[in-house]
Amino acid sequence: MSELRNFDRMFRLDGKVALITGGSRGLGLHTATAFLLAGAKKVFITARQAGGPQGIDQAVEKLNALPRIQGSAVGVAANVSNEGEIVRLVEHVRKEEGKLDLLVANAGATWGSKFEDAPDQSSVKILDLNVRGVFLLAQKFAPLLEAAGTRQDPSRIILVSSTAGINVPHVGESGTIMYSVSKAAAHHLARNLAIELGPRNITTNTVAPGFFPSKLANGLIEKLGGREELDDANPRKRLGEPEDIAGVMVYLCSPAGNYINGNDISVDGGMVLSSGRYSKL
Ligand SMILES: NC(=O)c1ccc[n+]([C@@H]2O[C@H](COP(=O)([O-])OP(=O)(O)OC[C@H]3O[C@@H](n4cnc5c(N)ncnc54)[C@H](OP(=O)(O)O)[C@@H]3O)[C@@H](O)[C@H]2O)c1
């Protein structure tokens, strides 16, 4: 037998303060839900839109109605491709909590079109949110993350990238070249942050999802032949589900993920590797 310290808390987030960008729906909302269910004390969610059926307010209401949670969700509207708004967000968290344990940079933008048709503005929007904004979030939140981390229990930064940052998923009619480039940059940004911030008791890792039904992905899922066809093409015969994101996020942010730094984890059923086909022989 070996002495495993606090094994019963291995996948818990009790007492943690988290901030999730793009937390009002999709993968960000799955993450916020998981953090609260795992015991987090406070989960800040941010997005641009406060009201309406896709806004932060309805998400906060649903999160705070989760059964048996100890903590709470707080919504702060902010555009995280804008430096001034990121500084305002940091100030909000500093005033309310004075520290931040978990930063999930999840908000992202995409663009699909023929190579010839992509306007320059689409590249600006993608790179500003998916790369420049993520760098700024890490830079401006670093002091609050440092205030929370210890050698034994570091603070965590998780960048939500995409398997599009590893392979070349879509060219042609609905090409996503600059999105793919921005996600590759996010992978390398995480590796750089891991080395820069590791000594300050902050780890950085990347989660790279494959297809999960969401507002961002549904249009492309339809263009590529629909849910059934994409289910069938995947080695696990299905697309991603909320629990798949919840599990990897809790793992990376809990004591179980303490010593993981500078890695990327694809959450895609193995799809990113599957250039081969099942043989009919
Ligand atoms: N779903 C997939 O299949 C998939 C696959 C690979 C990677 N990803 C990545 O996963 C992340 C989340 O995607 P999702 O599918 O969950 O998308 P989603 O359902 O469309 O949600 C996007 C979230 O980001 C927010 N957001 C967008 N622009 C923002 C900005 N400038 N500032 C602050 N918040 C902003 C949105 O709220 P507002 O519009 O109100 O701002 C919303 O909360 C993205 O980085 C995406 O690239 C998704």
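## The second largest pocket

In this predicted model, the second largest pocket is lined by 20 residues, and Arg5, Gln152, Asp153, Pro255 and Asn258 lie nearest its centre. A pocket is an open set of points on a 1 Å grid over the protein atoms alone, with protein on both sides within 12 Å along at least five of seven lines; lining residues have an atom within 4 Å of a point. The volume of this pocket is about 550 Å³, a volume being the space filled by probe spheres set on grid points joined across faces, edges and corners.

Its lining comprises seven nonpolar, eight polar and five charged residues. Here Ala, Val, Leu, Ile, Met, Phe, Trp, Tyr, Cys and Pro count as nonpolar, Asp, Glu, Lys and Arg as charged, and the others, Gly among them, as polar.

## Basis of the model

Residues are numbered from 1 along each chain as its sequence is written. The model is predicted, with local features requiring pLDDT of at least 70 and side-chain atom pairs pLDDT 80 or more, while totals for chains, interfaces and linings use all residues; side-chain values use heavy atoms, without hydrogens and water.

## Cavities

The structure holds two cavities of 30 Å³ or more; a cavity is a set of grid points where a 1.4 Å probe fits but cannot get out. The largest cavity contains about 40 Å³ of space. Its lining consists of Ala105, Ala107, Asn130, Val134, Leu159, Val160, Lys183 and Ala186. Helix 4 (120–148), strand 5 (155–160) and helix 5 (177–197) each give two or more residues to this lining. Helices (H or I, at least four residues) and strands (E, at least two) are DSSP runs, numbered from the N terminus.

The second largest cavity has a volume of about 30 Å³. Thr21, Val80, Ala105, Asn106, Ala107, Leu129, Gly133, Val134 and Leu137 line this cavity, and helix 4 gives the most to the lining, with four residues. Six of the lining residues are nonpolar, three polar and none charged.

## Helix 6

Just after helix 6, Gly225 adopts a positive phi of about 115°.
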